[in-house]
Amino acid sequence: MAETQKNNPLHGKTLEMILNELVAHYGWQTLGEVIPVNCFLNNPSIKSSLTFLRKTPWARQKVETFYIETFHG
């Protein structure tokens, strides 16, 4: 298991850490343009976004993929 995690750029990162880094890097507006979901477009907050992303696998996947492309691409 350790061998597969060594090359996983998300290993050790929580969804909250990923979201905080993306918001710090891009801001809510750009994040909402790239991934147009309500929690990024209308009155965004970390808490509401985490709630949505934890319940919505396709949106979480988009955020994680965007994170990898941004910081590890």
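What follows is a short tour of helices, core, rings and charged pairs.

## Ground rules

This is a predicted model, so local features need pLDDT of at least 70 and side-chain atom pairs count only at pLDDT 80 or more, while totals for chains, interfaces and linings use all residues. Residues are numbered from 1 along each chain as its sequence is written, and side-chain values use heavy atoms, with hydrogens and water left out.

## Helix α5

Let's begin with α5, which covers residues 57–72. Helices here are DSSP runs (H or I, at least four residues; strands are E, at least two), numbered from the N terminus. α5 has 16 residues and spans 21 Å from first C-alpha to last, close to the 22 Å expected at 1.5 Å a residue; that expected span is 1.5 Å times one less than the number of residues.

Its buried residues are A59, V63, E64, F66 and Y67. Down the axis of α5 they fall within an arc of 160°, so they line one face of the helix; the arc is taken from the directions from the helix axis to the C-beta atoms. Buried means under 20% relative accessible area, exposed means over 50%, and partly exposed is in between (1.4 Å probe, protein chains only). P57, W58 and E69 are exposed on the other side of α5. The buried residues pack against α2 (15–34), α3 (38–41) and α4 (46–55).

## Helix α4

For α4, the buried set is S49, L50 and L53. These sit within an arc of 100° seen down the axis of α4, so they too line one face of the helix. K47 and K55 are exposed on the other side of α4. The packing partners of the buried residues of α4 are α2, α3 and α5.

## The nonpolar core

In soluble globular proteins, nonpolar side chains tend to be buried together. A nonpolar core here is a set of buried Ala, Val, Leu, Ile, Met, Phe, Trp, Tyr and Cys residues joined through side-chain atoms within 4.5 Å. The largest one has 17 residues, and L19, L22, L31, F40, L53 and V63 touch the most other members. α2, α3, α4 and α5 each give two or more residues to this core, with the largest share, six residues, coming from α2.

What does L22 touch beyond its neighbours within four places in sequence? L22 is in contact (heavy atoms within 4.5 Å) with G27, L31, V63, F66, Y67, T70 and F71.

## Ring pairs

The structure holds four aromatic pairs. Rings of Phe, Tyr and Trp (its six-membered ring) pair if their centres lie within 6.5 Å; planes under 30 degrees apart count as stacked, over 60 as edge-to-face and the rest as tilted. W28 and F40 have ring centres 5.8 Å apart and planes at 45°, so this pair is tilted. The pair links W28 in helix α2 to F40 in helix α3, 12 residues apart. F40 is buried at 2% relative accessible area.

Y67 and F71 also make a tilted pair, with centres 5.0 Å apart and planes at 50°. Both lie in α5, four residues apart, about one turn of the helix. Y67 is buried at 1%, while F71 is partly exposed at 31%.

## Salt bridges

How many salt bridges are there? The count is two, taking a salt bridge as a side-chain nitrogen of Lys or Arg within 4 Å of a carboxyl oxygen of Asp or Glu. K13 and E21 meet at 2.7 Å, N to O; K13 is partly exposed at 29%, and E21 is partly exposed at 27%.

E64 pairs with R60, with the closest N and O atoms 2.9 Å apart. E64 is buried at 15%, whereas R60 is partly exposed at 30%.
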